[in-house]
Amino acid sequence: MKKRILEHFKNRKDKEETIPKNNSGIISHSVFNKFFLEVASITIFTLRFFKEAIKPPYEINELMKQSFLIGFKSLSLVAVTSFILGLVLTVQSRPTLAKFGAESMLPVMVAVSIIREIGPVIIALIFAGKVGSGIGAELASMNVTEQIDAMQVSHTNPFNYLVVTRVISATFMLPLLVIFGDTIGLLGSYVAVNIKGNVSFSLFFSQIFQSLEFMDVFPAILKTFFFGFAIGLIGCYNGYYANKGTEGVVGKAANSAVVYASLMVFVIDMMAVQILTLFQN
Amino acid sequence: MTNIKTSIKTEKSSNPNGEIVVEMEHLKKSFENNNVLLDINLVLNKKENLVILGKSGTGKSVLIKCIVGLVEHDEGKLKLFGQSISELKEKELTNLRRKIGFLFQSGALYDSMTVRENLEFPLKRQLISISKKEINTLVEEALENVGLSDTIELSPSELSGGMRKRLGLARTLILKPEIMLYDEPTTGLDPITSKEISKLIIEVQEKYNTSSIIITHDIECAKLTANRMIVIKDGICAAEGLYKDLESSSDKWVKSFFE
């Protein structure tokens, strides 16, 4: 069964071009089969990740290298986007709050928005675009040029070396990037507040920290681990099983990685909100 | 003597040692509904260069990937050094792979690493207790063997096609394998570089006493390197013999390779 599922995935991109439809144009049941085979395939991939992750040898050097490439190399992009995000959100929110005479609440409102929702989701989407596509394209390229096969014959478990390290790095680097991005976003907000007003740095941040609660910060950071895991895993899945025989396989793998990872970010976010609501009730 | 039958059984006696390192019997492999290998019978004797000829898409690469365990065969027997690989556990297969070198069609160099790191990679993975000094010596020696000493700090993207092939060969040979598997070693190269690679294959056989399977449809490479040849057609071994026997074969299809 597992073999069939993996065979299915290896050939899936060939079949994408010829989605089976019956004469009336209604998508036939084989599309559902394909969907469930795909779900089963990614489930097996995920289970394999956990199995390989706990099994030695542990690729510490590669893990460190990937953490540097995935985390450190994304800092500038996250910093710029987060700063703009904080700044724009503040500028856009000011008139509405001013209407209700609640302009003084601007730092708190922006902080809660950024920390609870906008920061994690936007940074995760940027991360999916940069890191998810990068991983997908890199592994697909390695697959096409037989580098993964070469690793296998060199006494190296390619899954452990390539997939486990990248997924773990993505899982732990995204929360750090989100914390960094949130901080920069708040700095952007501080700059925006001071464009029209005059609020001191200490007043701005003390107002924010006084209003923030543990349940504003903790769940928001916790969900970013899941975002990072999903982005890393989907990128690796699309690259690792990229079909060698198809045209533009690297581009397709990168594209699929971004699309599905971005989608998963929203799905996980929705689930996180539901779970959080349950706890709060 | 050229044999042309439905599926021939290859001879074991082309070298005096007669020691078999690879043996296949009725090997079959298919991908979904595509039957790639229907009935492959072959043996590779020790210190022998066996060339496998065949048109593109006849499953030649799949055949050698079965040998190294990258592709799992469906039916038939496949023995390496007398051990049936389908009965081996993952760890045993990994250990057995240490004795096998595989030169991939594309060279399969790691793009994210330099030439030095490409050569260090298999050493660090397989010889865990090796010192940095020993690694350096082996790397420099391997590069010297293939005439690429001055490329040590370059990245693979800075190398030409022939250099990439030679570097792939150096990376494979650094662990001194007993069996070498060459997947179309001269494809995409100009005639002069092809000849250089073919000569290198012979040098490897003489220097390291390797047994080799060379997959190719380059007849010049086959002529230079082959001790014995097998022709694959429609998933079966259609003919076997020495180069000169196959060249003068009465079978039109076999002869067409040599024209």
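Predicted model: local features only at pLDDT ≥ 70, side-chain atom pairs only at ≥ 80, totals over all residues.

**The interface, seen from chain B**

Residues are numbered from 1 along each chain as its sequence is written, and chains are lettered from A and ligands numbered from 1 in the order in which they are written.

Residues 1–6 of chain B also have pLDDT under 50, with 22 contacts beyond four places in sequence in the model. For chain B as a whole the mean pLDDT is 85, and 93% of the residues reach 70 or more. Chain A averages 87, with 89% of its residues scoring at least 70. In chain A, pLDDT stays under 50 over residues 11–26.

Now the interface itself. On one side are 26 residues of chain B, in contact with 20 residues of chain A. Together the two chains bury about 2,000 Å², 47% of it from carbon and sulfur atoms; buried area is the accessible area (1.4 Å probe) that two parts lose on being put together, summed over both. Glu32(B), Tyr110(B) and Arg125(B) supply 27% of the area that chain B buries against chain A, more than any other three residues.

Three salt bridges are counted between chain B and chain A, a salt bridge being a side-chain nitrogen of Lys or Arg within 4 Å of a carboxyl oxygen of Asp or Glu. One of them joins Lys65(B) to Asp149(A), with the closest N and O atoms 3.6 Å apart. Side chains of opposite charge can pair when their charged atoms come close. Across the same interface, ten residue pairs are in polar contact, both residues at pLDDT 80 or more. A polar contact is a pair of N or O atoms within 3.5 Å; within protein, one must be able to donate a hydrogen and the other to accept it, and residues adjacent in sequence count only if both atoms are side-chain atoms.

Which elements of chain B give two or more residues to the side that touches chain A? They are α1 (60–68), α2 (90–97) and α3 (115–126) of chain B. Of these, α3(B) gives the most, with four residues. Helices (H or I, at least four residues) and strands (E, at least two) are DSSP runs, numbered from the N terminus.

By class, this side of chain B has eleven nonpolar, six polar and nine charged residues. Here Ala, Val, Leu, Ile, Met, Phe, Trp, Tyr, Cys and Pro count as nonpolar, Asp, Glu, Lys and Arg as charged, and the others, Gly among them, as polar.

For context, the search of the whole structure finds 20 salt bridges over all chains. Among them, Glu52(A) and Arg48(A) meet at 3.5 Å, N to O. Glu52(A) and Arg48(A) are separated by about one helical turn because they are four residues apart in helix α2 of chain A.

Conventions
Heavy atoms only, no water. pLDDT = per-residue confidence, 0-100. Contact = heavy atoms within 4.5 Å.
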